[in-house]
Amino acid sequence: MTNKTAPGALGHEIVANMVKITRARIGALGLQNARRSLSLIRQGKSIVELTQQQIGEGDTALVIAAGPSIKRRNPGPAIAESGYAGAVIVPDGGIRYCLTNHIVPDLIVTADPHETRIVRWFGDPELTMERLAADDYYRRQDMDSAFADELRVNDEMLELLDKYGSRLKIALCSSASPAVVKRVHEAGLDIYWWNPMYDDPDQADSATRRLFEENGLPCVNAGGNVGSACWMLAAEVLRKAHVAVSGMDFSYYADTPYYNTQYYHEAVALAGVDNLDSIYVKIFNPHEGAWFYTDPAYLWYRDCLLDMAGEAECRTYNCTEGGIFFGGNVEYTPLARFLLDIAGARG
Amino acid sequence: MDEVLKGNFTTKHKVEVQTAKAPSLEERFEMEALKKLGGSMAFVSKKKVMWDLKGKE
């Protein structure tokens, strides 16, 4: 790889190789987790059963993701007070925000195979100060700043899941870590299993096809990240005609220090602390009249979801009111307009 | 070892064994660093949901 120092140049080059890089990062671990969960999968239900249920009223879905606009725009109260009755679909990182804003999701989605980080969204019964000290991933980020008070928040999450767990449905990916699988079972969530696609199942020697043959679960194109997986489940499993997203920034606000971004340490390891401008890509949002910046993974996620939305039968509304997810056939829409005019919420 | 292990015939055609060039330490470091910048999940262009092996989506 050439040493590119122009702003965003290295970032764009990484995006161009993201399929290969992602496979190297998560492929083996996700498949290993699927094998570990095989006996539970065979005893459990799949997302096929979700197609036979009415999830949320009507034909709308609202994905409440966990990007920085959730904190900056705080859409929770408006959603809770609107009387919105359509489906609310939430990635694991959005559970706390919803429950603390009195929004009980109709469906939670989890997918990332990381062995220790993801379970914290559900409350980690094994979390200790020593483990916190070893991993600053949540502490650094501009995601939910309350996680800075990590042990207290972890206790809060344990209580929230124990309180609400039996009322919550979760689309549990076969790639989920043993820690997440154990936690959601113990918390009593209503579990529906699915496989992510790792590659094109129509190709010879497809890992996805082999996985399906092993566990029989439907295989979903997750779009690179759990937020996009929420969108895909709304559009293609629940078959909602109108799918809105909130908190789907795929970027950081311009005043966010690089240190507070998800991949900061990895970016420094690759490019050096003096060359970080080459990794991060700045994008102007004309709807907001503001600049945002993104890293290669999130830029790729944006491109993937634009591609998926372009192939969909549903209409896609981005109600984030920030970030870089616009273009294609995505309708950049104020949240209030979606809730009132499109979803018909009447408060 | 070559002194011990000897074939008992000569091939008709010259056999060239192509061995992949081992990545340099720098390349290995770069790949390890790149891996950590990867996505959380895969993306497969033009695909939605595969419900069964008949390929119906």
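This is a predicted model: local features need pLDDT of at least 70, side-chain atom pairs count only at pLDDT 80 or more; totals for chains, interfaces and linings use all residues.
The buried residues of α9(A) are Asn154(A), Met157(A) and Leu161(A). Because these residues cover an arc of only 60 degrees around the axis, they sit on the same side of α9(A). Part of their cover comes from α6 (95-100) of chain A. The face turned away from this buried side carries exposed residues, namely Arg152(A), Asp155(A), Glu159(A) and Lys163(A).

Next comes a pair of helices. Two packed helices are described by the angle between their axes and the distance between the axes. For α1 (residues 9-16) and α14 (residues 296-311), both of chain A, the angle is about 55 degrees and the axes are 9 Å apart. The two helices α1(A) and α14(A) are therefore oblique to each other, and α1(A) passes α14(A) in a right-handed crossing. Where they meet, α1(A) brings Gly11(A), Ile14(A) and Val15(A), while α14(A) brings Pro296(A), Leu299(A) and Trp300(A).

Finally, chain A also touches chain B: 44 residues from chain A and 22 residues from chain B take part in the contact. On the chain A side, at least two residues each are supplied by α2 (18-36), β7 (219-220), α12 (226-237), α13 (264-271) and α14. Of the side of chain A that touches chain B, α2(A) gives the most, with eight residues.

Key. Residues are numbered from 1 along each chain as its sequence is written. Chains are lettered from A and ligands numbered from 1 in the order in which they are written. A residue is buried if 20 or more other C-beta atoms lie within 10 Å of its own, exposed if 12 or fewer, and partly exposed in between; C-beta atoms are placed from the backbone. Helices (H or I, at least four residues) and strands (E, at least two) are DSSP runs, numbered from the N terminus. The arc is that of the directions from the helix axis to the C-beta atoms. Two residues are in contact if their C-beta atoms, placed from the backbone, lie within 7 Å. Axes are lines fitted to C-alpha atoms, for helices over the stretch in contact, and angles run from 0 to 180 degrees between N-to-C directions. Angles under 35 degrees count as roughly parallel, over 145 as roughly antiparallel, 65 to 115 as roughly perpendicular and the rest as oblique. A crossing is left-handed if the near helix is turned anticlockwise from the far one by less than a right angle, and right-handed if clockwise.
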